[in-house]
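Hello,

Here is the structure I promised to hand over. Please open it first, then read my notes below.

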Amino acid sequence: MSDPVRFSLEGTVARIVIDNPPVNVLSQAVRRGLMAAFDAAETSGAKRVVLSGAERAFVAGSDTREFDLPPQPPYLPDIFARIEAFPLPVVAAINGAALGGGLELALVCAARVAVPGAQLGMPEVTLGVVPGAGGTQRLPRLIGFGAALSLISEGRVIGATEARELGLVDLLAADAADEAARLVLPDRAATGAMPAPPRDADAVETARTRAARRARDQIAPQKAIDLVDAATRLPLKEGLALERETFLTLKTSDQAAALRHVFFAERAAMARGRKGGAAIETAVVVGGGTMGSAISYALAQGGTTVALVETDTAAVERARTVIAGLYAEAVARGKLSSGAADAALAARHSFHVGYDDLPPAQIAIEAVVEDLTVKRQVFAALDAALPPDTILATNTSYLDPNAIAEGLRNPERFLGLHFFSPAHVMKLVEVIRAGETSPETLATVLRLAGRLRKIPVLAGVCDGFIGNRILTGYRQICDVMLLEGCLPAQVDAAMRDFGMAMGPYEVQDLSGLDIAHANRKRLGWAERTDLRYVPIADRIVEETGRLGRKTGAGWYDYAGGEAQRAPLIEAMVIEASARAGLTRRAFTDAEIAERASAAMIVEGLRILEEGIAADAADIDLVMVHGYGFPRWRGGPMHLAERTGLPEILARIAGYAAADPLSWSVPGNLRRAVAGGQGLEAVRTD
Ligand code: NAI
């Protein structure tokens with residue numbers, strides 16, 4: 001391995017280059033190397049130091065792998081204090097990403113030159129911490145209170161031009177290192193020696209409200225606001241000490257551990273798309289409804305040409321209008337120019353009634369109604385109309401992909417590709433390995449997911465795959481709690497308090513009660529003896545016709561638009577308890593959240609046991625990205641691990657003792673606890 005920090009002398013310029021591939025993070029070796037390089041610079045006779053990163057990044061942050069360890073010397077604050085007080089001017093040549101500790105490093109330099117493509121920011125709060133080496137104290141001194149507050153508390157990453165406008169960067173130049181060697185130094189104090197900026201109470205208020213909304217229940221953004229606020233009244237030294245203390249406390253917090261876990265899980269999932277497979281340039285999408293239209297748009301945005309198939313011209317026109325609407329939305333949000341939108345719409349989309357004039361395509365994605373017979377007809381038609389090696393994918397939510405694929409030529413090219421709605425926004429996609437799916441097919445689809453900037457999670461075939469299966473288990477336990485004494489509004493409030501984006505009954509009203517109803521019918525729930533059938537949801541659909549928001553009423557009433565508790569439904573709930581011969585009892589919110597999350601954990605463990613998911617972290621990704629599980633809790637499986645598997649086992653065993661029809665202890669959990677192991681022991685691969 002080459003030296004992580006290189007020193008050289010060119011005339012009177014000492015060049016220090018951080019070279020720690022891939023993105024020059026400030027590992028312990030880099031920190032040591034920096035100290036040595038500055039030692040060398042100090043005695044080199046140079047008149048200036050230019051500091052840059054090797055390859056395409058400046059410094060993308062601290063080394064997140066060291067987060068689980070106690071701090072290792074030399075410490076960043078000490079290195080930065082030295083650079084800021086260095087006898088020679090140090091100029092940062094920001095040749096690429098300067099993030100977190102990387103930007104803090106740039107801040108202690110006397111000036112900053114950035115390439116136009118550089119990205120700058122302090123995304124620490126997104127990992128549950130705050131900048132820990134001066135960022136919260138120096139950034140406001142350099143760019144002002146309001147700007148620093150919003151950048152740090154939102155963890156926003158900005159481009160070089162915006163950074164230049166904010167005064168974070170002194171000059172933009174294509175060859176940043178060269179310019180940094182020449183730059184006439186600005187006549188100003190070191191960043192840390194600048195006067196504290198005036199406090200702006202309105203800006204604090206705005207930042208707090210935004211953080212409460214964007215990062216509900218998260219500690220780090222609020223702490224970051226406290227710290228930037230403190231910079232207005234504390235001398236630098238005290239501000240730095242307070243920041244460091246806050247950083248070290250947050251680093252070991254539950255929230256930071258959870259956010260790190262999700263971050264690493266995302267990275268691992270996205271890396272799957274970089275392991276070979278063919279590049280997809282052409283696609284067919286069958287069905288231009290909610291999902292098919294958004295999938296087509298997402299594919300085209302990823303550079304793929306898409307032929308959309310519908311049943312008749314009216315449906316084609318509907319789909320065309322929906323897709324044009326998605327482009328218009330992107331234009332309105334400033335994501336696309338209207339010229340680019342028109343060009344993409346004309347060049348990348350074609351619309352077809354039936355299969356006769358379909359161009360050949362590398363993949364066909366089916367998103368027609370959730371009906372086995374219809375889906376089979378669609379695949380038979382695709383099989384006949386397209387080349388024999390075209391990958392065939394179904395977006396089914398619950399149907400058995402193997403049943404859909406029956407009779408296909410070359411079934412090794414068939415798989416499930418389960419997008420989430422809205423498909424052009426939601427990053428999650430479940431990639432379902434069907435019975436005969438080949439590794440090449442998987443690799444190509446994972447690569448496509450990467451091109452669409454999605455987070456692909458591999459799943460095997462079972463009812464509902466990973467996400468909808470856990471959702472079903474979770475809802476079932478919520479329904480049982482209704483029977484035992486809760487009301488829908490209480491369960492929803494408890495789960496929102498727990499951190500879910502929405503409560504389970506609000507979600508049903510949003511997505512429509514008919515889908516789950518049809519699914520229970522298909523699976524014969526009312527007759528099943530292996531679960532505690534709770535008839536409330538089916539009665540709502542069958543006896544009242546309330547299907548949720550789309551009919552103006554569901555679990556709640558929506559007169560006037562806002563959800564209101566529905567006396568009719570609450571009476572049905574209470575009546576259901578009486579019919580079941582149960583005496584209703586009070587539940588605390590904590591009890592509701594514990595039970596409901598235990599239901600998700602149990603289903604997750606079963607999914608692992610059956611090999612449906614390869615890894616607990618994948619399950620967490622699905623729940624966080626597809627079902628509104630709070631990211632700062634890390635997903636149900638991470639939560640189980642963090643709570644302690646013995647504690648989780650005890651809870652589930654307790655529930656099972658009281659209600660053996662609804663609960664049983666998964667064998668892998670029992671084994672892991674008996675062996676004193678964590679969830680890594682219940683992996684299947
Ligand atoms: P949708 O009802 O909005 O759209 C279905 C479309 O398919 C309609 O435009 C219909 O005209 C068209 N269609 C029906 N038969 C066809 C045929 N033989 N050939 C071509 N087009 C045909 O339904 P949605 O919500 O888009 O769902 C489609 C599929 O995606 C279903 O399997 C559903 O389970 C699945 N899914 C739905 C999600 C959602 O949130 N809506 C999420 C994930 C998957």
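N24 counts as buried, because its relative accessibility is 1%. A caution before going further: this is a predicted model. N24 sits in the loop between β2 (13-18) and α1 (28-42). Its phi is positive, at about 60 degrees, although N24 is not a glycine.

Is E55 buried or exposed? E55 counts as exposed, because its relative accessibility is 69% and the cut-off for exposed is over 50%. For N24, the cut-off that applies is under 20%, which means buried.

Two peptide bonds also deserve a stop. Most peptide bonds are trans. The bond from P73 to P74 is cis, with omega near -5 degrees. P74 lies in the loop between β3 (48-53) and α2 (76-84). Look for P422 in the loop between β15 (414-419) and β16 (428-432).

**Domains**

The domain assignment gives domain 1 (5-252), domain 2 (280-459) and domain 3 (474-682). Between the C-alpha centres of domain 1 and domain 2 there are 44 Å.

**A sheet of six strands**

Next, find the open sheet. Six strands form it, in the order β1-β2-β3-β4-β6-β9. The pairing is mixed. Its edge strands are β1 (5-10) and β9 (171-172), and each of these pairs on one side only. β1 pairs with β2 in the antiparallel sense, over six bridges.

**Cavities**

How many cavities of 30 Å³ or more does the structure hold? There are three. The largest cavity contains about 170 Å³ of space.

Its lining has 13 residues. Nearest the centre of the largest cavity lie T472, R475, A516, R520 and W525. Start your view from those.

The largest share is that of α18, with five residues. By class, the lining of the largest cavity is made up of six nonpolar, four polar and three charged residues.

**Cysteines**

How many disulfides does the structure hold? The count is zero.

Take C486 as a case. The closest cysteine sulfur to that of C486 is in C478, at 8.5 Å. A disulfide needs the two sulfur atoms within 2.5 Å. The sulfur atoms of C486 and C478 are therefore too far apart for a bond.

C486 counts as buried, because its relative accessibility is 0%. C109 counts as buried as well, because its relative accessibility is 2%. For both, the cut-off is under 20%.

**Where to begin**

I would open the views in this order. Begin with N24 in its loop between β2 and α1. Go on to the cis bond from P73 to P74. Then trace the sheet from β1 to β9.

Best wishes

Note on methods
Residues numbered from 1 in each chain as written. Predicted model: local features only at pLDDT ≥ 70, side-chain atom pairs only at ≥ 80, totals over all residues. Heavy atoms only, no water. 1 Å grid on protein atoms, 1.4 Å probe; cavity = no way out; pocket = protein on both sides within 12 Å on 5 of 7 lines; lining within 4 Å. Points joined across faces, edges and corners; volume = space filled by probe spheres on them. Helix = DSSP H or I, 4+ residues; strand = E, 2+ residues; numbered from the N terminus. Nonpolar A, V, L, I, M, F, W, Y, C, P; charged D, E, K, R; others polar. Buried < 20%, exposed > 50% of the residue type's maximum accessible area, 1.4 Å probe, protein only. Domains from an automatic or database assignment. Pairing = 2+ DSSP bridges.
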